[in-house]
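Have the viewer open while you read.

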Amino acid sequence: MNTSTQHSPCETPAWQALAAHAAALRDTRLRTLFGEDPRRFERFSLAAAGLTLDYSKNRVDARALELLFALARERGLEAARDQMFAGVPINNTEGRAVLHVALRAPAGARFEVDGEDVMPAVAAVRERVGEFATAVREGSWRGYTGEAVSDVVNIGIGGSDLGPAMACQALAAYGHARLTMHFVSNVDGDQLAQVLARVNPARTLFVIASKTFTTIETMTNAASARAWFLAGGAAEKDIARHFVAVSTNAAKVAEFGIDAANMFGFWDWVGGRYSMWSAVGLPIALWVGRENFEAMLDGAHGMDRHFAEAPLEANMPAILALLGVWYRAFFHATSVCIAPYSQALARMPAYLQQLEMESNGKSVTRDGQPVAMSTCPVVWGEPGTNGQHAFFQLLHQGTDLIPVDFIAPLKAAHTLPGHHRLLLANCIAQSKALMVGKTADEVRAELTAAGMSGAALEALVPHRVFQGNRPSNTILMPALSPRSLGALIALYEHKVFVQGIIWDVNSFDQWGVELGKQLATRIVGELASGDAEHEDASTRGLIGMVRAAS
């Protein structure tokens, strides 16, 4: 995928113009920009796929946006986007297409990989997922004692865990009354042990999610779950009623004891962190039901169509991504805060950590050369309003500029009076406070009105000044529904894609996770044998301590 005729984004005319314009804007206050343009909100906000993005509280003007769009075009964003939707193998280090957009496309759509339409296979798996979810939810799928399923335990890691876990928590209001969802990813046995202590083997369904069925953390947890199940009085033949697989390795699945009819496959053009739309989303379908899972897919598809068709100047993922590039490159922002004003979205920051940092946390270009600029920032966050009583102090008065994405549903899933309006008031207030800050003169006036004066007043002034001019986006949805959640996730997926094109990195491989896994496999053997003489002194010492404690 050739994103530009020039090797480095920094060499493009638009990049050079952006650098100069950022320097000229550096001392411009957001207060001033709003004062000069009463219609700033209308001009710097847009709606797509049921979401609204307010990006007016960013340190940009019309010229900055114009240059950012020019940069995107110089980098070949539109052509690269078309290549992704066309099934071109844009994951160049693995020689694979990137077609998670096909997983949420409606019937009748066509997506090709190597000249073959993948949609019939996608539709077939989606149908099987829907049928199985319906059977479990209606109670016609029963365990070996004839009881209906009451607990679902998803065993996976990375994309096979974070996406489904986040979505199930987000959509708790749509969950089945009889079912309880559990997610196990950590090879630390404490997590699995705590889940197993709460469930009954006769009423528990395990979903083992591993494309190869060899992922060491997942298969270690799966083997322990299998042993626990058999120790509870079940027979080998009963495994088929309590374990299903999301995998492509039929031989390993059968060896485990899972009926091949209960193996749900997916494809190598589905990356792990983009896989919740595939059979990896089976726990979501089990929890919220086939119709709601389909609505989530449809919401994502709506954002796909917007991303594919809208001009860059009115393209929500492109605007969100380019603003991130602007702060990373020209304002030295090393991190981005995700602040969902919804407790149901508590796992969204962790989900976006993997999506963004595993995708674009790269230091070489697509052709293997060192990158010429900073790439992905650190992504972190917690729900509001908890964050306001924790890390928001740093956002307001710390030494770093940290852009914030505020995310909020306009309507609540609960009926408790007053709570949601107060929550939204806090969301809006925090974005305003970050923008306007509080000047020394404003602090003096406030303290004087409170009865203070003289040296005591002046001593307190510096501590109560807020610099302000700190940027944020606000993303609103009508309610936290399956459809709006799908659109929200797709928005960030496409943001990642756009930034990868600008930075010229492959957003769809993850070689950085491999080395530690390889070394862990070797060290497991050394912990057993004690033969670690070839290791460095620290590693030898740590291995010795572990062996001594065993």
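A residue is called buried when its relative accessible area is under 20%, exposed when over 50%, and partly exposed in between, using a 1.4 Å probe and protein chains only. This is a predicted model, so local features need pLDDT of at least 70 and side-chain atom pairs count only at pLDDT 80 or more, while totals for chains, interfaces and linings use all residues. Residues are numbered from 1 along each chain as its sequence is written, and side-chain values use heavy atoms, with hydrogens and water left out.

**Helix α4**

Helices (H or I, at least four residues) and strands (E, at least two) are DSSP runs numbered from the N terminus. In α4, the buried residues are Ala-64, Leu-65, Leu-67, Leu-68, Phe-69, Leu-71 and Ala-72. They pack against α1 (13-25), α5 (77-85), α14 (316-330) and α20, where contact means heavy atoms within 4.5 Å. After α4 comes Gly-76, with a positive phi near 75°.

**Two helices side by side**

Helix α6 (residues 119-138) packs with α13 (residues 290-309) at an angle of about 145°, the axes being 9 Å apart. Axes here are lines fitted to C-alpha atoms, for helices over the stretch in contact, and angles run from 0 to 180 degrees between N-to-C directions. From α6, Arg-126, Glu-127, Gly-130, Glu-131 and Thr-134 meet Arg-290, Glu-294 and Leu-297 of α13. By class, that contact holds 1 nonpolar, 2 polar and 5 charged residues. Nonpolar covers Ala, Val, Leu, Ile, Met, Phe, Trp, Tyr, Cys and Pro; charged covers Asp, Glu, Lys and Arg; the others, Gly among them, are polar.

Most residues other than glycine have a negative phi, and most peptide bonds are trans. Phe-213 has a positive phi of about 60° without being a glycine; its place is the loop between β7 (204-209) and α9 (216-231), and it is buried at 4% relative accessible area. Asp-504, also not a glycine, has a positive phi of about 60°. Asp-504 sits in the loop between α20 (482-503) and α21 (514-529) and is buried at 8%. The peptide bond from Gly-384 to Thr-385 is cis, with omega near 15°.

**Pockets**

On a 1 Å grid over the protein atoms alone, a pocket is an open set of points where a 1.4 Å probe fits, with protein on both sides within 12 Å along at least five of seven lines; lining residues have an atom within 4 Å of a point. Grid points are joined across faces, edges and corners, and a volume is the space filled by probe spheres set on the points.

| Pocket | Volume |
|---|---|
| Largest pocket | about 980 Å³ |
| Second largest pocket | about 400 Å³ |

Which residues lie nearest the centre of the largest pocket? They are Thr-215, Gly-272, Gln-510, Glu-514 and Lys-517, out of 40 lining residues. α9 gives the most to that lining, with 3 residues. By class, the lining of the largest pocket has 13 nonpolar, 16 polar and 11 charged residues.

The second largest pocket has 22 lining residues, with Ser-342, Gln-343, Ala-344, Ala-413 and His-414 closest to its centre. Its lining has 12 nonpolar, 9 polar and 1 charged residues.
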